[in-house]
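Please walk me through this protein, one step at a time.

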Amino acid sequence: MSQPPSPKPAPSARSLPNLIFASRWLQLPLYIGLIAAQAIYVFHFWVELVHLIEAAFGNQVALDKLIASIGYKSDVQMTGLNETIIMLVVLALIDVVMISNLLIMVIVGGYETFVSRMNLENHPDQPEWLSHVNASVLKVKLAMSIIGISSIHLLKTFINAANYDVKVLMWQTTIHVVFLLSAMAIAYTDKLMSHAEKH
């Protein structure tokens, strides 16, 4: 004897779940804002790079702007680039690139995970990590990116250590270690959850 078909929910009963599900599109302006932030980072990168090139050709104004932006201090008037200044500026540029990569992961991965599919399966430029992205994978990748950014900041501080207080050096090192431990905890938790799902 066949079971009678289950009654379909009334349209009014489905309106609230549909509204809740459609509310995911409220995140769209947030991702558009992050794209605008990405554009600002691109502009900042090129400004710093142009200053570095101009300073390499002896432009004193560009050199002064670079020294001010990296927080480098010296007892003598700097009239040209030295290895420390070049290294600090290059690390600052790498820092911008890594933060930009972090933004891309948040924008693309977050949109794909929480808003809507992008249908990039057959796109030749689809990022490799996007094919298996989910909230858990995204958390681990973001944690690793933050550690990379923290490492660059810590290296910049150590190179320019003479211009920082000992407390600043200690706090930055401590914060970096906390980031490392947090990332390890996130990765371990993700491993436990994946193991539980397999069983």
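Two residues are in contact when heavy atoms of theirs lie within 4.5 Å. Keep that cut-off in mind, and take Val115 as a test case. Leaving aside its neighbours within four places in sequence, Val115 is in contact with Arg24, Trp25, Gln27, Tyr31 and Gly110. Val115 sits in the loop between H4 and H5. Now look at Leu26. Val115 and Leu26 are 89 residues apart in sequence, yet 8.9 Å apart in space, C-alpha to C-alpha.

Step back to the whole chain. The model is a predicted one. What secondary structure does the protein have? There are 6 helices and 0 strands. Along the sequence the pattern reads α-α-α-α-α-α. The protein has 199 residues, and 27% of them count as buried. Contacts also reach across the sequence. Take the contacts between residues at least 6 apart in sequence: 61% of these join residues at least 24 apart.

Next, zoom in on H3. Helix H3 covers residues 60-70. Which of its residues are buried? They are Ala62, Leu63, Leu66, Ile67 and Ile70. Seen down the axis of H3, these buried residues fall within an arc of 135°, so they line one face of the helix. An α-helix has 3.6 residues a turn, so residues three or four places apart point the same way. What do the buried residues of H3 pack against? Their partners are H2 and H4. The face turned away from the buried side of H3 carries the exposed residues Val61 and Ala68.

Both ends of H3 deserve a look. Just after H3 comes Gly71, with a positive phi of about 75°.

Follow the chain on to Leu81. Leu81 lies in the loop between H3 and H4. Leu81 counts as partly exposed, because its relative accessibility is 25%. Not counting residues up to four places away in sequence, Leu81 touches Leu52, Ala55, Ala56, Leu63, Leu66 and Ile86. Two of these names, Leu63 and Leu66, are among the buried residues of H3. Leu81 and Leu66 are 15 residues apart in sequence, and their C-alpha atoms are 9.7 Å apart.

Now for the empty space. Rolling a probe the size of a water molecule over the atoms shows where empty space is left. In this model, the largest pocket has a volume of about 240 Å³. It is lined by 16 residues, and the closest to its centre are Ser69, Ile70, Ala92, Asp95 and Lys156. Ile70 is also one of the buried residues of H3. Which helices each supply at least two residues of the lining? They are H2 (28-56), H3 (60-70), H4 (83-114) and H5 (135-159). The largest share, 5 residues, comes from H4. By class, the lining has 7 nonpolar, 6 polar and 3 charged residues.

Move on to H5 and find Thr157. Thr157 counts as buried, because its relative accessibility is 3%. Not counting residues up to four places away in sequence, Thr157 touches Tyr164, Leu169 and Gln172.

Finish with H6, which spans residues 166-198. Ala183 is in helix H6. Ala183 counts as buried, because its relative accessibility is 8%. Leaving aside neighbours within four places in sequence, Ala183 is in contact with Ala143 and Ile147. The C-alpha atoms of Ala183 and Ser145 are separated by 9.8 Å, though these residues are 38 apart along the chain.

Lys191 also lies in helix H6. Is Lys191 buried or exposed? At 60% relative accessibility, Lys191 counts as exposed.

How values were computed
Residues are numbered from 1 along each chain as its sequence is written. This is a predicted model: local features need pLDDT of at least 70, side-chain atom pairs count only at pLDDT 80 or more; totals for chains, interfaces and linings use all residues. Side-chain values use heavy atoms; hydrogens and water are left out. On a 1 Å grid over the protein atoms alone, a cavity is a set of points where a 1.4 Å probe fits but cannot get out, and a pocket is an open set with protein on both sides within 12 Å along at least five of seven lines; lining residues have an atom within 4 Å of a point. Grid points are joined across faces, edges and corners, and a volume is the space filled by probe spheres set on the points. Helices (H or I, at least four residues) and strands (E, at least two) are DSSP runs, numbered from the N terminus. Ala, Val, Leu, Ile, Met, Phe, Trp, Tyr, Cys and Pro count as nonpolar, Asp, Glu, Lys and Arg as charged, and the others, Gly among them, as polar. Buried means under 20% relative accessible area, exposed over 50%, partly exposed in between (1.4 Å probe, protein chains only). The arc is that of the directions from the helix axis to the C-beta atoms.
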